[in-house]
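Subject: Structure handover

Hi,

My notes on what turned up follow below it.

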Amino acid sequence: MIVTKFGGSSLASATQLQKVKNIITANPERQVVVVSAPGKRDSSDYKITDLLYTLRSQFKYGIPDDGIREMIIKRYVTIKEELNLDIDIEKEINEFFASCSKKTNTATVVSRGEYFSARLVAKFLGFAFVDAADILTFNFDGKIDYEKSKQAVIEAVDKYGNIVVPGFYGAYPDGDIHLLSRGGSDVTGAWLAAFLDADVYENWTDVSGTYTCDPRITKNARPIPDITYKEMREMAYLGAGVFHEEAIAPARQAGITINIKNTKAPSDRGTFINSVRD
């Protein structure tokens with residue numbers, strides 16, 4: 001089994017989602033898909049997560065709506081219409097917004113970016129949608145309830161076979177949403193890979209692995225073919241944004257190989273992360 005996670009750039013548009021589908025259908029072992037909220041389509045665009053943080057502030061302080069809701073809805077509806085999906089995502093989002101008030105907490109509002117993204121991706125792939133809040137339980141101190149979550153994840157895969165799970169959040173024992181830190185969908189994928197004893201955890205992004213230096217700054221930056229968990233964690237801690245540092249521990253503890261790959265160039269080898277380098 002392969003657990004895959006797709007970042008916001010891989011889910012920003014219908015064109016990108018078609019690439020995601022091609023990747024998933026190319027290998028039937030890719031049974032579990034974790035998704036982020038839609039990211040930027042270009043440099044002038046907005047991340048859905050950022051828009052949701054702004055919207056939460058409007059709810060909290062009673063600031064008049066300045067079109068943020070419409071921007072969010074339009075992104076999802078555009079993807080739905082371009083992919084011709086049979087799902088009334090506009091109704092779902094509007095119903096959620098209607099339920100919000102100044103008392104609605106940040107985690108609940110912001111987590112909907114991944115939630116509605118997963119709803120669309122599940123429909124597009126023909127996989128079952130499984131809400132992260134139903135399978136990932138966190139104690140009130142923020143630490144994951146390992147055994148309860150593992151059992152729930154295994155049962156979901158046993159029941160549905162192929163699933164799509166929103167990243168970035170889970171739930172406390174009382175049902176309230178627990179939000180991970182930014183980029184936390186990487187962590188969601190790592191936990192699922194560990195619980196399912198996956199052969200590989202593929203983390204799909206917009207670059208072909210971890211580079212020797214920032215490819216946006218240095219022209220001769222080269223992808224690193226193999227790296228250890230420890231080295232990757234240190235690079236992430238120092239600012240390498242390709243992979244969340246907290247996603248290393250679950251994979252390392254379970255001995256799961258991590259492969260960072262490029263949605264735009266799926267044939268590229270990417271970077272493999274293991275306990276030792278070959």
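This is a predicted model: local features need pLDDT of at least 70, side-chain atom pairs count only at pLDDT 80 or more; totals for chains, interfaces and linings use all residues.

Lysine 60 sits in helix H2, which spans residues 48-61. Its C-alpha atom is 27 Å from that of alanine 12. Along the chain, lysine 60 and alanine 12 are 48 residues apart.

Aspartate 50 and arginine 182 meet through their side chains, at 3.2 Å from N to O. Aspartate 50 belongs to H2, while arginine 182 is in the loop between strand S6 (177-179) and H8, so the pair ties together parts 132 residues apart in sequence. Aspartate 50 is partly exposed, at 34% relative accessibility. Arginine 182 is partly exposed too, with a relative accessible area of 40%.

Now the other salt bridges. How many are there by the rule used here? The count is seven. One of them joins arginine 119 to glutamate 92, with the closest N and O atoms 2.6 Å apart. That pair links distant parts of the chain: arginine 119 is in helix H5 and glutamate 92 in helix H4 (residues 89-99), 27 residues apart. Arginine 119 counts as partly exposed, at 22% relative accessibility.

Arginine 269 and aspartate 226 form another side-chain salt bridge, at 3.3 Å from N to O. Arginine 269 lies in the loop between strand S9 (257-262) and strand S10 (271-274), and aspartate 226 lies in strand S8, so this pair ties together parts 43 residues apart in sequence. Are the two partners buried or exposed? Arginine 269 is partly exposed, at 41% relative accessibility. Aspartate 226 is buried, at 17%, because the buried class takes values under 20%. There is also a network of salt bridges that links Arg41, Asp45 and Arg75.

Strand S1 (residues 2-6) pairs with strand S2 (residues 30-35) in the parallel sense, over five bridges. In that pairing, lysine 5 stands opposite valine 34 of S2.

The axes of helix H3 (residues 68-82) and helix H5 (residues 106-125) come within 11 Å and cross at roughly 10 degrees. H3 and H5 are therefore roughly parallel to each other, because angles under 35 degrees fall in that class. H3 contributes Tyr76, Ile79 and Lys80 to the contact. H5 contributes Arg112, Gly113, Phe116, Ser117 and Leu120. By class, the contact has four nonpolar, two polar and two charged residues.

Last, helix H8 (residues 185-195). How many of its residues are buried? Eleven of its eleven residues are, and the helix is mostly covered. Among them are Trp191, Leu192 and Phe195. Just after H8, aspartate 197 takes a positive phi of about 50 degrees.

Best wishes

Terms used:
Residues are numbered from 1 along each chain as its sequence is written. Side-chain values use heavy atoms; hydrogens and water are left out. Axes are lines fitted to C-alpha atoms, for helices over the stretch in contact, and angles run from 0 to 180 degrees between N-to-C directions. Helices (H or I, at least four residues) and strands (E, at least two) are DSSP runs, numbered from the N terminus. Angles under 35 degrees count as roughly parallel, over 145 as roughly antiparallel, 65 to 115 as roughly perpendicular and the rest as oblique. Contact means heavy atoms within 4.5 Å. Ala, Val, Leu, Ile, Met, Phe, Trp, Tyr, Cys and Pro count as nonpolar, Asp, Glu, Lys and Arg as charged, and the others, Gly among them, as polar. Two strands pair if DSSP finds at least two bridges between them. Buried means under 20% relative accessible area, exposed over 50%, partly exposed in between (1.4 Å probe, protein chains only). A salt bridge is a side-chain nitrogen of Lys or Arg within 4 Å of a carboxyl oxygen of Asp or Glu.
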